[in-house]
Amino acid sequence: MSSPNILIFMVDQLAGTFFPDGPADWLHAPNLKRLAARSARFANAYTASPLCGPARASFMTGCLPSRTGVYDNAAEFAPDKPTFAHHLRSSGYQSCLAGKMHFVGPDQLHGFEERLTSDIYPADYGWTPDYRKPGERIDWWYHNMGSVTGAGVAEITNQLEYDDEVAAKATAKVYDLARGKDARPWCLTVSFTHPHDPYVARRKYWDLYEDCAHLLPEVPPIPFAEQDAQSRRIFEANDFENYSITAREVQRSRRAYFANISYIDEKIGEVMEALEATRQEAVILFTSDHGDMLGERGLWFKMSFLEGSARVPLMIAGPGIAPGRHEAPVSLLDVTPTLCEIAGMPSEAVTPWCEGESLLPLTRGAERTAPVRMEYAAESSQAPLVCLRYGKWKYIRCALDPDLLFDLEADPQELENLAEHPAHQGTRNALRVKSEARWDLQAFDADVRASQARRWVVYDALRQGHYTPWEYSPPREDAYRFMRNHMNLNTLEEEARFPRGE
C-alpha cells in the first residue's frame with residue numbers, strides 16, 4: 001500500500017518498564033501480545049516530557065515543549081504548530097480522533113477533521129503552575145496520595161465511563177470507514193485515559209491479578225532526605241506528608257494498575273476485531289504519553305526523568321515493517337516523522353517542523369546514535385529540567401539542582417548518581433557540553449515564567465462574568481444518520497452495509 005491506513009492507539013501513564021519486549025509475560029494482555037508479535041518493538045522509547053499535555057503536544061508535532069510552548073497541562077497548544085494530523089491531511093488522508101489528547105485552548109482539533117468524543121481534561125488555563133511561588137501546592141488539581149489510599153474495585157468510575165465511550169465510538173468509526181464513503185486513506189487515533197490513576201478497576205480485571213508476584217515495587221521507599229532534588233519536590237507536590245502509605249495500599253494500587261492494563265487491552269481488542277471483521281488493513285502504532293513510578297523508591301505518578309516515569313511502550317506493525325526488538329533509545333518525537341514516511345511524504349516536507357527522526361530506518365537495520373532529549377517545566381518543578389539519554393547514559397540538568405548521571409546498563413534502577421564520581425567526569429563533561437549546546441536554561445526559564453504569568457492574568461479575567469468554555473463537544477448530525485428523506489432510500493441500506501450484498 002503506497003498510502004496505507006493508519007491506526008494509532010495511545011494510552012495514558014503506561015510505564016515502558018512493563019513492556020521490555022511487548023507486554024511482560026505475566027500481564028494479561030492477549031491483544032497487545034498478539035500485536036507485539038508482529039511489531040517492531042522499541043524497548044527504550046521515551047516521552048518528550050513526563051506529563052500529559054506537554055507529552056501529547058510533542059507526540060503530535062515531533063517538537064519538544066520549549067518549541068511547542070506546551071510546558072504544562074494548562075499551556076495553550078497554538079493552532080499554528082503543524083501536527084501529524086496536518087501533515088497527513090495535506091498528503092490526502094482523512095483523519096479522526098477518538099479520546100483524550102489534552103489540547104488546551106480554543107483549537108480542539110489541531111489538524112483532525114473529526115473528533116468523536118470530548119476530552120476528559122479541562123481545555124483552559126486553570127491548571128497553570130506558578131514559578132513565582134516556589135513550593136506552593138495547588139490542592140484542587142495537583143495529584144495527592146489519595147489515588148493510592150483509595151485504590152480498589154469499582155464497576156464504574158469517571159475514567160471507565162470515558163474509555164468505554166472512546167472504545168465504542170472508535171469501533172463504530174472503524175465499521176463506518178469500511179463502508180467506503182470516502183476514498184481517501186484514513187488515520188484514526190484512539191486515545192484512552194487508562195491506566196492513569198486513580199487506581200480503580202473493574203472486578204473482572206482485578207481478579208486476574210490475585211496471585212500476581214509483582215504487587216510490590218522492586219525498589220523500596222528511599223528516605224526523603226536521600227532522594228534527588230526533583231524527587232523531593234514531587235513528594236511535596238503530591239502532599240506526601242499528610243499520608244501514611246501502607247504496603248497493602250501499595251499492593252492494591254499496583255494491582256488496580258495492572259488490572260486496568262488488561263481493561264485497556266480488551267478495549268483495544270474491540271477496535272482491532274472491527275478492523276479484522278471488515279477486512280481493512282492498517283499500519284498500527286501503540287504507545288503511551290509517559291509512564292508511572294508506581295511506588296518505585298516511594299514515588300508515584302510521573303513528573304520525573306527516572307525510568308518508570310519517562311519510558312513508554314512503542315510498537316509499530318504493518319506491511320513492510322519487520323517484527324523485532326530494537327534497543328536504541330528513541331522518542332515520542334520520532335512518531336510524527338515516522339507516520340509521515342509511512343504515508344509516503346518526502347522528508348523535506350516534514351523535517352523543518354520536527355525535531356524527531358523516522359523510526360523506519362531502524363527497522364531496516366540502520367543505527368541510531370543521536371541522543372534522546374527530554375524536558376520538564378511543569379507542576380512540582382521550580383525551574384526547567386532537561387535530560388539526555390545517550391547510549392547507556394542518562395544525564396539530567398537543572399539550574400537549581402546538582403547534576404545527575406546514571407549508567408543504565410550497570411544500574412537500571414538508577415540508584416547510583418555518578419555525576420560526582422571521579423572516574424566519570426569525562427562522560428559528565430561531554431554530556432554537559434551536548435546539553436548546553438541544545439539548551440539555554442536561563443532563556444528557557446524566562447520563557448516558561450512569561451507564559452505562566454500571562455495565563456494567570458487571562459484565566460482570572462475569563463472567569464469573570466459570562467464564561468465561554470473551550471471544551472469540545474462533538475456535533476451530533478442525526479439529520480444525516482440512519483434513514484432520512486433527503487437520502488436515496490433505494491440505495492441507502494446497500495450503501496450502509498459491509499460487505500455489500502450479492
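Reply: One term before the numbers. A cavity is a set of grid points where a 1.4 Å probe fits but cannot get out. Also note that this is a predicted model.

Me: How many cavities of 30 Å³ or more turn up in the whole structure?
Reply: The search finds 2.

Me: Which residues are closest to the centre of the largest cavity?
Reply: G135, E136, Y142, S380 and S381. They belong to a lining of 18 residues. By class, that lining has 7 nonpolar, 4 polar and 7 charged residues.

Me: And what lines the second largest cavity?
Reply: F19, P20, D21, G22, R41, F42, A43, P313, L314, M315 and R325. By class, 7 are nonpolar, 1 is polar and 3 are charged.

Me: Which strands each supply at least two residues of that lining, the one of the second largest cavity?
Reply: β2 (40-42) and β11 (314-317).

Me: How does the lining of the largest pocket split by class?
Reply: There are 19 nonpolar, 7 polar and 18 charged residues.

Me: Which element gives the largest share of that lining?
Reply: Helix α6, with 7 residues. α6 spans 158-178. Elements that each supply at least two residues include β4 (94-99), β5, β7 and α15 (492-495).

Me: What about the second largest pocket, how much space is in there?
Reply: About 550 Å³. The second largest pocket is lined by 27 residues. T17, E218, E307, P412 and Q413 lie nearest its centre. The lining divides into 12 nonpolar, 5 polar and 10 charged.

Me: Switching to the fold. How many helices and strands does the protein chain have?
Reply: It comes to 15 helices and 17 strands. The radius of gyration is 22 Å, close to the 23 Å that the globule rule gives for 502 residues, so the chain is as compact as a globular protein of that length. Along the principal axes, the C-alpha atoms fill a box of roughly 80 × 55 × 50 Å.

Me: What is the strand order in the sheet of 8 strands?
Reply: The order is β5-β4-β7-β1-β9-β11-β2-β12. The sheet is open, with mixed pairing.

Me: Why is one side of β5 and of β12 left without a neighbour in the sheet?
Reply: β5 (114-115) and β12 (324-326) stand at the edges. Each has a single partner strand, so one side of each has no neighbour in the sheet.

Me: Inside that sheet, in what sense do β1 and β7 pair?
Reply: In the parallel sense, over 6 bridges. β1 covers residues 6-12 and β7 covers residues 186-195. D12 has P195 in β7 as its bridge partner.

Me: What lies across β1 and β7?
Reply: Helix α9 (residues 247-277) does, and α9 also lies across β9 (283-288). α9 runs at about 160° to β7.

Me: Back to P195. Is the peptide bond joining H194 and P195 cis or trans?
Reply: Cis, with omega about 5°. P195 sits in strand β7. The peptide bond from D197 to P198 is also cis. Its omega is near 10°.

Me: Where does P198 lie?
Reply: In the loop between β7 and β8 (200-201).

Me: What's the phi of R297?
Reply: Near 55°. That is a positive value in a residue other than glycine. R297 is in the loop between β9 and α10 (307-310).

Me: Last one. What order do the strands take in the sheet of 3 strands?
Reply: β10-β3-β13, an open sheet with mixed pairing. The edge strands are β10 (311-312) and β13 (330-331), and each pairs on one side only. β3 (residues 45-46) and β13 run parallel, joined by 2 bridges. There, A45 has V330 as its bridge partner.

Notes. Residues are numbered from 1 along each chain as its sequence is written. This is a predicted model: local features need pLDDT of at least 70, side-chain atom pairs count only at pLDDT 80 or more; totals for chains, interfaces and linings use all residues. Side-chain values use heavy atoms; hydrogens and water are left out. Two strands pair if DSSP finds at least two bridges between them. Helices (H or I, at least four residues) and strands (E, at least two) are DSSP runs, numbered from the N terminus. Contact means heavy atoms within 4.5 Å. Axes are lines fitted to C-alpha atoms, for helices over the stretch in contact, and angles run from 0 to 180 degrees between N-to-C directions. Ala, Val, Leu, Ile, Met, Phe, Trp, Tyr, Cys and Pro count as nonpolar, Asp, Glu, Lys and Arg as charged, and the others, Gly among them, as polar. On a 1 Å grid over the protein atoms alone, a cavity is a set of points where a 1.4 Å probe fits but cannot get out, and a pocket is an open set with protein on both sides within 12 Å along at least five of seven lines; lining residues have an atom within 4 Å of a point. Grid points are joined across faces, edges and corners, and a volume is the space filled by probe spheres set on the points. The radius of gyration is taken over C-alpha atoms; the globule rule is 2.2 Å times the number of residues to the power 0.38.
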